[in-house]
Every structure is written in C-alpha cells, then in structure tokens.
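Colleague: Could you walk me through reading some features of a model? I'd like the general idea and then the case at hand.

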Amino acid sequence: RLTNAESGWMISHFTDSDGRWIAHVPAGDWIVSIDAFETSPGVEEILRDLISVSADTASDDISMSTSEAARFSITLYEDYSTSRLSEISLDLVSEDGLGLIHLDPTDTFGEVDVAVAPGTWNVELNMTEDQVRWTIDATNESSFLITAGNNPSLNITASKWAELGGNVYWDFNDDNASDVGEGVANVTVHLSSDDVNMSLVT
C-alpha cells in the first residue's frame, strides 16, 4: 500500500511471483507499507518506508525488505476520573517521517494492542462527543522509541474537557432571562481552578 505523505491518498498494489511491482505513481513523497504478517510462531514482520517519486527517480530500481514488527500495548486513562477509556481510537504519529496510523478502538479495559515498524512514535487524540472532548498532545517529551519484538506496555492519559457557556446580559425587564437586545459584548469572563486559569471574551 502506498500513502501520499501530503494528502493521505492511498493506492494498493499486488506484487508478482518475484515480489516485484511496476506502476505509474504521481510525483511526491509516498509511504510504502505492508501490514504485519506472521512469518513464524510468535514472530511478525512489517514494512513501512518513505520514498520520493519524481521524473529523476522514475528509472530507479527501489529495493525494500520487511523487518520484525515492534509490538506493545497501550492502556488509555482519563485524567479527571483516572478511569480507563474504552472505544476510543488513538492516532500513532511517526517522528521519523513515516506518517500517521489510526489504531483500533480501545477495548473494555481501555487497552489496544499495537504492531508497527520500529522507530520513534508519539500518540495523539482529539475527540469530541456530547459536548465533552478528550485530547492528547504530541510533544518532543512524549515521544517514545520502540524496537523490534516485544516492548513494555504504555500508560497514556487523555485530558478531559467539557463545553461551558452562558450569557452576560442586562436584565432590563427583571425577568431573570437573557432577552433580545440585553446581551453585553466585550465582557471578560475569568475561569479558574486549582490547575487551570483562562479568560474568555463575550
């Protein structure tokens, strides 16, 4: 499978009996990938590599080979309740320029098993459901290196955000409700807690 590194457009090809394939591919950077497959009991191999396609490389004979997959599991927690989060799909982002992988949803225990190419990876999440948002921001400090074979499990915590809103108004008719023409613009509203301080303007 070829995935355009810029647009995410995917093209699938099948190799012949010699493991070769020839195709016309639009110019650009492409991620070449083969999903993990078992080569012997308990051992899986995988391919994920980056190639640049242009008029200058059109006649190049590119050779690639699979390598042993890196395997690990992720357990997803929520920061507010510290409970495990199920049915949430995380994004695994390569720090080596090999794109993004959308993982399977976490199970009822908040866990998901992962098999990817060895390298440096990061986790991202930005999901909103019923006015609640969970986020995980990828930073240099949050990246992790995984190697071929089995790796330690990871515990990842998602930040929980809840939508909050309201009206600032002059209650001219004393009915304890915001009516047309009573709203007040450009009012700064301050929100604070033990670890969050923010300001909003109407």
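Colleague: Which residue in β11 is the bridge partner of Met127?

Modeller: Trp134 in β11 is the bridge partner of Met127. A word on the source: this is a predicted model, where local features need pLDDT of at least 70 and side-chain atom pairs count only at pLDDT 80 or more, while totals for chains, interfaces and linings use all residues. Residues are numbered from 1 along each chain as its sequence is written, and side-chain values use heavy atoms, leaving out hydrogens and water.

Colleague: How many bridges join β10 to β11?

Modeller: Strands are DSSP E runs of at least two residues, numbered from the N terminus, and two of them pair if DSSP finds at least two bridges between them. Here 5 bridges join β10 (residues 119-129) to β11 in the antiparallel sense. The two form a hairpin with 2 residues between them, and Asp130 in the turn has a positive phi of about 55°. On β14 (residues 154-162), β11 pairs over 4 bridges, also antiparallel, with Ala162 as the partner of Val132.

Colleague: Why is β11 described as largely enclosed?

Modeller: Because 4 of its 5 residues are buried (under 20% relative accessible area, with a 1.4 Å probe and protein chains only).

Colleague: And how do I read an aromatic pair?

Modeller: A pair of aromatic rings is described by the distance of the centres and the angle of the planes. Rings of Phe, Tyr and Trp (its six-membered ring) pair with centres within 6.5 Å; planes under 30 degrees apart are stacked, over 60 edge-to-face, the rest tilted. The search finds 2 pairs. Phe72 and Phe144 have centres 5.8 Å apart and planes at 75°, so they are edge-to-face.

Definitions and conventions: Buried < 20%, exposed > 50% of the residue type's maximum accessible area, 1.4 Å probe, protein only.
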